[in-house]
Every structure is written in C-alpha cells, then in structure tokens.
Amino acid sequence: MIPRIQKRGQRTIGLLYYLYGPGKFEEHSDPHLVASWDHNAPDPGRDATATLKQLQQLLDQPVENIDPSQLPKKHVWHLSVRNGGEDRILSDEEWGDVARRMVAAAGIDDPEAGAGCRWAAVRHADDHIHIVATLVREDGYKPDLDNDAVRVQAQARVLEAELGLRRLNKGDGTAAKRPTSAERHKAERQGRERTAREELRETVRRAVAGARSDEEFFDRLAAAGLLIRTRAAPSGDLLGYKVALPDDLNRDGAPVFYPGARLAPDLSLPRIRERWAGDAQGVPAAQREDAIRTGPGSPAAARRGTASAVWQAVLVVEHGEDAIAAAHITAAGEVLDALAKTSAAHTRRELRDAATAFERASRSHVRAVRGHDRALRQVARDLVQGGPALGLGEDGATTAMAIDMLFFLITAAAHWHARKGHAQQAEAATRAAAHLRTAYQAAAAQPLGVLYQRGRRLSRPMLQRQTALLREALPELAEQILAEPGWYALAATIAEAEAAGQAPAALLSDAAARRELGTADSVSDVLLWRLRRAADLPADASHLPIAGSGGTRPVSREATTRASAPGRRGSGEESSHLTR
C-alpha cells in the first residue's frame, strides 16, 4: 500500500472535477464516495440529486467561516492511496476504513475530539482511492500536519498486515520517483513495455557508467538517441540537463523532457560529476591523460578485469568504512549497467533486470566518499569500451566468471544494507542477486560443460590425486564438493593450475577463505572461477589439451552438449567411489 501526499491546492472544485471526471486518459471508472467526515456527504457519482458544487460547498464551509486573514494560502489537502498489482481488490467498505484511518493518522480528522477537518474519499479504480480535505477544522483552528507523510506511511504498514496485502519496506527518501498513473497509461496506449521515465532512467544510468567528463556523458546520451537540453549560468558554466525520448510527445506535439534529478536523486549533474571528480583524486595528471587515451580492450579482457576488481570490492563492502563501502556499492551499480549493456542475448534480459533492481540499492543516507571506488568505475568503463561480447568462447566464459563474482558483491551489499536497517535497499539487492543467479546459469552452461568433460577424461590416478589435494586443502568442505555435479570441472581446473606451475592447494585455501560460500548453489563452481582468475587460466578451456589424461586432444564444444555440469549428478558420486 502506497500513500502519497500530493501538492496542496487552492480550488476544491477543481480537484473534485478531476476525481469524478473521466481522467486524463479515460481511465476513471465509476467514481463514487467510500467515506467522508460525517458519513453523510452527498455523492455526485451515485446520487443523481447530488452535485459536485454541493460537495465542494460543504467541504469548504469551515474555510469560509474564518477571518480571511487567517485563511491558508493553499487549503486543499490531497492524499492518494494505491495498492500493488499483486494485491487483492478491496471492497468499498475496506477502502472506507482505510480512508478513515489515514486521515486520523495524518492529523486531518480527530474522531475522538470531533473537531477535525472536512474530508471525502473518492474511488474511481479498483486499486486506489483519493482523499480530499480542506485545512480548517470545525472549530476554526488549523490541523497539525507535521510529519503527516511519515504518519500515513506508518499507518500503511499496519493496514498491509491487517488486510493481507503485500508488506512494503519503510522508505528513507532516497528512492527514484515512481512513474505517475498518467505516465503508465500513456505507455500502455503506446505499446511500451516501460514508461518514458523508466527508459530514460536506464539510459542515463548506462551513460554514466565509467564516464569521466561532461562531454563524454552527453556524447553517450546523444549516441543513445536521446534529446538533450542543458542549462547554463550567465558565465557559461553548465548547471544541469534534461532528456527526452524523441517519440514521447505531449498534447502539443513537443517532446516531454525530464531533468536528471527527477529520474533519480543521484542523476542530477552535480551528483554525477562527483563520480568522475573522485576518479581524478590522487591520480597524477599525466596518468589520467594516459588512461583517457587508452583504447578499448577485448570484451573478454574487460570481463576478466571486472572479476578481479569485484573480488577486491567484496572485502571493502564487508569490512570497510561505511562511506567507502557506500561508494563501492554505488559503483557496483555502474558495473551491472555496463555488463548488461554489452552482454550477449542469452544473458542480457536477466542482467538488465538485475541492474534495474539494484538501482534502488545503490543509494542510501550513507553518503559515498568517491575516489575509493576508482577500480570498479574503471572496469565499468572498460566493459563499455570493450563493446558487445559473444555468447561463446572466452567472451562467454569470462562473462560467467564476472557474473559469479558480482553475485557475491551484490549479496554482500544486501547484507550491508540489512545491517544498516536499509530495508528497501536490502530487498532490492536481494532481487538483483536472484537475477544474477539466473544469468549465471545461462552464461556458465557451456564453459562448465567443457570443464566437466575435461574432468571426466582425467586419468584415475590424476583424479585420485586431486581428490586427496582437495581433502587436504579444504577438509571441512571436501565431502560437500565431492558430492556436487561440478566436482569434475573443479578437478580439471586444479589440474590446469598445477600444469601451469601454480600451487593448487594454496589457491584453493585462499579462494575458500572468502565469505559467502554458504549462499552459493555450487561451491565447486565458485572455487573453479576463483582459481581460474587467480591462476590466470583461460576462462574457456575448450581449446586446451587435457592435463593428466594421457592425451592432448582438446574438448570440442559439441561434446559439451551431451553432458553439462550444472545438470549432471554423476560426477560427485563417481569421484567419491574412486577414493573409497
């Protein structure tokens, strides 16, 4: 249940005309009263003898009875109360009770004293009501509306529990502005999946990811096809910007522009500039110029770099100072946006949904200290400059590696927000992690299938040796890993690391020392990606000879379609049998 106090007005009749009218887009249906201050107000919607003028005059009567010098400049109070699409439809009686409790919570009405303001609740849709009140009480005094928004939100949480509605988390004022009902209806008429506001918010977020200057930011917006208006001071200094979709027009045929701050609190130009100002802190000018001139690397290199930077960021979020952790969480949102923008088709939708969900988790009242997040912002830039990735080969395998690391960073962010009492942000990060889990399954199926086949082809002595090494390095996790479908893939990775001159026992111990293994679907999957990153092994092993197999034939990608690690159970059972 979402209560929203609208801007105060001066004309009671004007608001009533809107509430009882057809709506801006003919969306109002059967407008009628569900409650009022005296339980007996005229209802122009269902009483043919009642008029809007009669209802307006009764609502305004206390206002007209006081000295004009005491009259509030804007005396019309307006509250909308909306349920979610997944909530059941409330009856008129239930909505009437909601209205009475909302006006009592806000301070509009005082049922016990009997000297409240006059008000009426109008329903013109299944999912919401509007409450209109005039801000002079029956005794001539003004109501106490201090913190009325906070009080109606608290009442909404109580009503959700009593009415069996979806329980929403308490907000902290840092959420992006939700689309209005008019914007939603307009999107439906135009056949859009999302409103213009939501499309613009995503496009601007992606333009910010890894950007280093005003010029680069606006060039990205223009390249994305947005219309841009800027606002400058008399000195010529840029102060702000607005953006619009070319095909989102108002009734006069003009584009509808949205200021950055209206898309999200951290998308105003001053807040965006804090990001690239932080990038330059402590970096010599010559080094900054070199970084700007550096050309884009490959998509695979950008994803491997992402995995490394995210690996380090997990520790910062878990153990760093709050302001520095907040900066890393914000920058993690940029990495998600950049990865979604450049991912292959089979992971793009889930990564986009993860980035959209995490947007709410990227802001809180803990103000981020920029500059410490430079490494994450750099890999976001590298992802954008590296361009679109393929779904197979090293591109696809490093995508799985990066998503695997990001899952644990986003989960760490959810825990950080939960410890701070940021309920909405914690829930948003948890939803983002769920989308990442699904994206990982799609990205990892082929490369893990290759590794699974390689593990199956290891010689019996080699597999026994890898099993003994695992039990020595990770005695508390060994039996769980050996029973997992991914054990063969991990065994193949251990063999490759050993063949490359690495110390696999030490790599395993270091990889497992990281927290969050308990939230993993497969510990073996997590460890193999950490080993491949730490040992600098190719993420895609399809072209490599199989170490310890008695031959040098690489595994073909076609062979992986016959058995993919995530869908098989035999590997753990057979490996356990071999070592009994």
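A salt bridge, as the term is used here, is a side-chain nitrogen of Lys or Arg within 4 Å of a carboxyl oxygen of Asp or Glu, and helices and strands are DSSP runs that are numbered from the N terminus. With these terms in hand, the report can turn to the structure above, which is a predicted model.

## The chain as a whole

The secondary structure of the protein chain comes to 22 helices and 8 strands. The chain has 580 residues, of which 53% count as buried, and its accessible surface comes to about 25,700 Å², with 50% of that surface belonging to carbon and sulfur atoms. If one looks at contacts between residues at least 6 apart in sequence, 74% of them join residues at least 24 apart.

## Salt bridges

The count of salt bridges comes to 41. One of them joins the side chains of Arg-271 and Glu-274, with a distance of 3.8 Å from N to O. Both of these residues lie in helix 9, which covers residues 269-280, and they are 3 residues apart, or about one turn of the helix. Arg-271 is partly exposed because its relative accessible area is 28%, a value that falls between the limits of 20% for buried and 50% for exposed. Glu-274 is likewise partly exposed, with a relative accessible area of 27%.

Other salt bridges reach between distant parts of the chain, and Arg-352 takes part in two that can be described in detail. The side chains of Arg-352 and Glu-193 meet at 3.8 Å, N to O. Here Arg-352 lies in helix 13 (residues 345-358), whereas Glu-193 lies in the loop between helix 5 (181-190) and helix 6 (196-208), and the two are 159 residues apart. Arg-352 counts as buried, at 18% relative accessibility, while Glu-193 is exposed, with a relative accessible area of 58%.

Arg-352 also forms a salt bridge with Glu-202, where the closest N and O atoms are 3.7 Å apart. Because Arg-352 lies in helix 13 and Glu-202 in helix 6, this pair ties together parts that are 150 residues apart in sequence. Both Arg-352 and Glu-202 are buried. These residues belong to a network of salt bridges that links Glu-193, Arg-194, Glu-202, Arg-206, Arg-349, Arg-352 and Asp-353.

| Pair | N to O distance |
|---|---|
| Arg-271 and Glu-274 | 3.8 Å |
| Arg-352 and Glu-193 | 3.8 Å |
| Arg-352 and Glu-202 | 3.7 Å |

## Charge on the surface

Which residues gather in a patch of positive charge on the surface? They are Lys-7, Lys-74, Lys-177, Arg-229, Arg-231, Lys-242 and Arg-262. Among them, Lys-7 has its place in the loop between strand 1 (2-5) and helix 1 (12-20), and Lys-7 is exposed, with a relative accessible area of 78%.

## Two loop residues with positive phi

His-39 has a positive phi of about 65° although it is not a glycine. This residue lies in the loop between strand 2 (32-36) and helix 2 (52-64), and at 63% relative accessibility His-39 counts as exposed. A positive phi, near 60°, also occurs at Asn-147, again a residue other than glycine. Asn-147 lies in the loop between strand 5 (128-137) and helix 4 (148-163), and Asn-147 is exposed, with a relative accessible area of 55%.

Is Leu-528 buried or exposed? Leu-528, whose place is in helix 21 (residues 523-534), is buried, because its relative accessible area is 0%. Leaving aside its neighbours within four places in sequence, Leu-528 is in contact with Leu-448, Leu-451, Ala-489, Leu-490 and Thr-493. Leu-528 and Ala-539 are 11 residues apart in sequence, and their C-alpha atoms are 9.7 Å apart in space.

Arg-101 lies in helix 3 (residues 92-106) and counts as partly exposed, at 24% relative accessibility. When its neighbours within four places in sequence are left aside, Arg-101 is in contact with Gln-155, Val-158, Leu-159 and Glu-162. From C-alpha to C-alpha, Arg-101 and Pro-111 are 9.8 Å apart in space, and they are 10 residues apart in sequence.

How values were computed: Residues are numbered from 1 along each chain as its sequence is written. This is a predicted model: local features need pLDDT of at least 70, side-chain atom pairs count only at pLDDT 80 or more; totals for chains, interfaces and linings use all residues. Side-chain values use heavy atoms; hydrogens and water are left out. Patches are made of residues with over 30% relative accessible area and no salt bridge: like charges are joined within 9 Å, nonpolar side chains (Val, Leu, Ile, Met, Phe, Trp, Tyr) within 5 Å. Accessible areas come from the Shrake-Rupley method with a 1.4 Å probe; for residues, only the protein chains shown count as cover. Lys and Arg count as positive and Asp and Glu as negative; His and the chain ends are not counted. The place of a charge is taken as NZ of Lys, CZ of Arg, CG of Asp or CD of Glu. Helices (H or I, at least four residues) and strands (E, at least two) are DSSP runs, numbered from the N terminus. Buried means under 20% relative accessible area, exposed over 50%, partly exposed in between (1.4 Å probe, protein chains only). Contact means heavy atoms within 4.5 Å.
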